[in-house]
Amino acid sequence: MQQVNLGMIGGGTVGSGVFHALQLNGALLALRIGVPVAVRKVAVKAFNEPRPYEIPRSLMTTDWREVVNDPEVHIVSELAGGTTLAREIILSALRLGKPVITANKALLSAHGEELFAATKEHGANLYYEASVCGGIPIIKSLREGFVGNRITALYGIVNGTCNYILTRMKLEGADFGAVLADAQRQGYAETPPDLDIDGWDSQHKIGILASLSHGFWVRPEDIYVEGIRHISALDIKFADELGYTIKLLGIIKMAESGKRKEKSSCRVQVSVYPTLVPNAHVLAGVNHVFNAVFVRGDIVGDTLFYGRGAGKDATASAVLSDLADAALDLKFVSKHRVPPFVPHECDGAVLPIEAVVSSYFVRLNVVDKPGVLAKIAAVFGESRIGISSVIQPEGHEGASVPLIFMLHHATNGAVAGALKKIGRLSVVKGQPVMLRVETFE
Ligand SMILES: NC(=O)c1ccc[n+]([C@@H]2O[C@H](COP(=O)([O-])OP(=O)(O)OC[C@H]3O[C@@H](n4cnc5c(N)ncnc54)[C@H](OP(=O)(O)O)[C@@H]3O)[C@@H](O)[C@H]2O)c1
């Protein structure tokens with residue numbers, strides 16, 4: 001093969017970024033992989049849309065089928081977004097035996113199982129490095145770099161918008177609503193922001209990483225998700241006084257962490273929720289729009305990946321990495337590298353949140369009179385939940401005062417049950433606030 005031709009569907013933020021990156025570094029890429037890569041066609045919705053980088057009109061079409069069906073297009077990139085058309089584009093290309101590159105985490109979350117089955121059926125790979133954490137090469141690392149490891153734990157700050165909001169809330173002592181509104185004005189948050197701040201974008205990405213790490217397809221509905229809407233400036237302040245930073249973490253953790261089994265079988269926590277991270281832990285220092293993924297392998301130990309999780313250039317870098325792999329596979333007619341997704345755990349399962357064990361930060365508003373603490377401690381005691389410390393910070397809210405409990409390891413089910421009872425006590429005002437604490441043990 002003298003030259004590999006790329007057909008692109010989508011010439012927006014990521015698509016035009018890829019075009020620009022190839023203009024800048026295409027020659028370098030060709031030297032490294034031993035074959036030139038050229039953009040043959042780019043499908044867009046409308047020719048005159050503004051784009052971050054110019055794409056020559058002569059390369060553009062508004063008919064995506066023209067790109068996919070062109071016999072001179074060897075590799076197809078789906079950079080249009082959405083789940084309906086994108087699915088159709090990818091399946092059409094795979095049916096023709098063409099490798100496909102996508103950055104579409106929502107699509108993989110919704111239809112990944114079907115798409116990877118199609119890759120097997122048609123003998124063409126689906127590459128998806130850009131779908132998780134933009135410029136951080138986490139997919140390739142999990143797939144190839146850690147091929148000899150069981151992934152016992154993975155913690156990810158995978159949504160830049162949430163991290164930006166939580167960082168500013170901590171640095172400025174500001175409320176969620178005010179920071180979100182400002183982030184929207186500055187273009188760091190979408191309008192409406194729900195996909196990001198309610199944790200769904202993180203759910204899509206963590207599901208992809210969990211499936212890849214554990215070899216069974218993790219369905220989005222099995223992933224427990226809490227966003228950051230309910231995080232208050234008060235909780236960020238109290239958490240800080242206790243030595244913690246609140247981060248929205250995607251967590252993938254083997255329930256029997258570290259135990260090696262001959263027969264493949266695992267129960268895995270897969271969840272997304274705001275978490276108290278000790279200030280001394282490296283993830284507490286990942287700020288603003290940056291992403292980070294902390295991976296623990298049973299052989300390698302602890303590793304950390306850090307970088308920009310989105311944006312035209314960072315995401316283009318990931319697409320180019322996939323492009324190099326796809327071009328090499330075509331050039332050498334090889335289908336024998338570690339494939340993009342291989343089912344290997346025959347009876348893996350996601351642990352229900354009620355069974356997940358964690359430590360906890362609980363904030364209550366209580367009436368300021370003697371005996372209150374004993375009443376609350378009695379409920380935790382009945383539920384066999386250990387209290388590691390109790391703090392009564394300064395400050396009244398009307399007739400009530402804040403009271404904070406740090407709780408030892410317990411299941412989410414036990415803590416939820418105890419808090420339900422505590423919420424009904426007459427000495428407790430309003431609903432208890434509960435956040436999980438990660439010890440990274
Ligand atoms: N933006 C990021 O930082 C980022 C990071 C990681 C992953 N991703 C993922 O990358 C994908 C693309 O995101 P993006 O930000 O680049 O989106 P975008 O800026 O909205 O670009 C979408 C592109 O698709 C084209 N398009 C839409 N419908 C089409 C159709 N029916 N036929 C042909 N072309 C069509 C649009 O054409 P027009 O230009 O004419 O409108 C546009 O060029 C999404 O799956 C997203 O989740 C994005």
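## Side-chain contacts in a predicted model

Asp 182 counts as buried, at 17% relative accessibility. The model described here is predicted.

### Salt bridges

The side chain of Asp 182 meets that of Arg 168 in a salt bridge, with 2.6 Å from N to O. Arg 168 lies in helix α6 (residues 160–172) and Asp 182 in helix α7 (residues 176–186); the two are 14 residues apart, and the pair links distant parts of the chain. Arg 168 is also buried, with a relative accessible area of 11%.

The count of salt bridges comes to 23. One of them joins the side chains of Glu 114 and Arg 87. Because Glu 114 belongs to helix α4 (residues 105–122) and Arg 87 to helix α3 (residues 84–95), this pair ties together parts that are 27 residues apart in sequence. Glu 114 is partly exposed, with a relative accessible area of 32%, and Arg 87 is partly exposed at 28%.

A further salt bridge forms between Glu 241 and Lys 237. These residues are 4 residues apart in helix α10 (residues 233–241), so about one helical turn separates them. Glu 241 is exposed, with a relative accessible area of 53%, whereas Lys 237 is partly exposed at 43%. Elsewhere, salt bridges that share partners join Lys 140, Arg 143, Glu 144 and Asp 325 into one network.

| Salt bridge | Distance, N to O |
|---|---|
| Arg 168 and Asp 182 | 2.6 Å |
| Glu 114 and Arg 87 | 2.8 Å |
| Glu 241 and Lys 237 | 3.3 Å |

### Aromatic rings

The structure holds 9 aromatic pairs. In one of these, the ring centres of Phe 290 and Tyr 306 are 4.9 Å apart and the ring planes meet at 5 degrees, so the pair is stacked. Phe 290 lies in strand β11 (residues 290–297) and Tyr 306 in strand β12 (residues 301–308); the pair therefore ties together parts that are 16 residues apart in sequence. Tyr 306 counts as partly exposed, at 48% relative accessibility. Ring pairs also link Phe 116, Tyr 128 and Trp 217 into a cluster.

### Charges over rings

Arginine side chains also meet aromatic rings. The charged end of Arg 57 sits over the ring of Phe 47, 3.5 Å from the ring centre. Likewise, the charged end of Arg 436 sits over the ring of Tyr 273, at 4.4 Å from its centre.

Terms used:
Residues are numbered from 1 along each chain as its sequence is written. This is a predicted model: local features need pLDDT of at least 70, side-chain atom pairs count only at pLDDT 80 or more; totals for chains, interfaces and linings use all residues. Side-chain values use heavy atoms; hydrogens and water are left out. Rings of Phe, Tyr and Trp (its six-membered ring) pair if their centres lie within 6.5 Å; planes under 30 degrees apart count as stacked, over 60 as edge-to-face and the rest as tilted. Buried means under 20% relative accessible area, exposed over 50%, partly exposed in between (1.4 Å probe, protein chains only). A charge sits over a ring if NZ of Lys or CZ of Arg is within 6 Å of the ring centre and within 35 degrees of the ring normal. A salt bridge is a side-chain nitrogen of Lys or Arg within 4 Å of a carboxyl oxygen of Asp or Glu.
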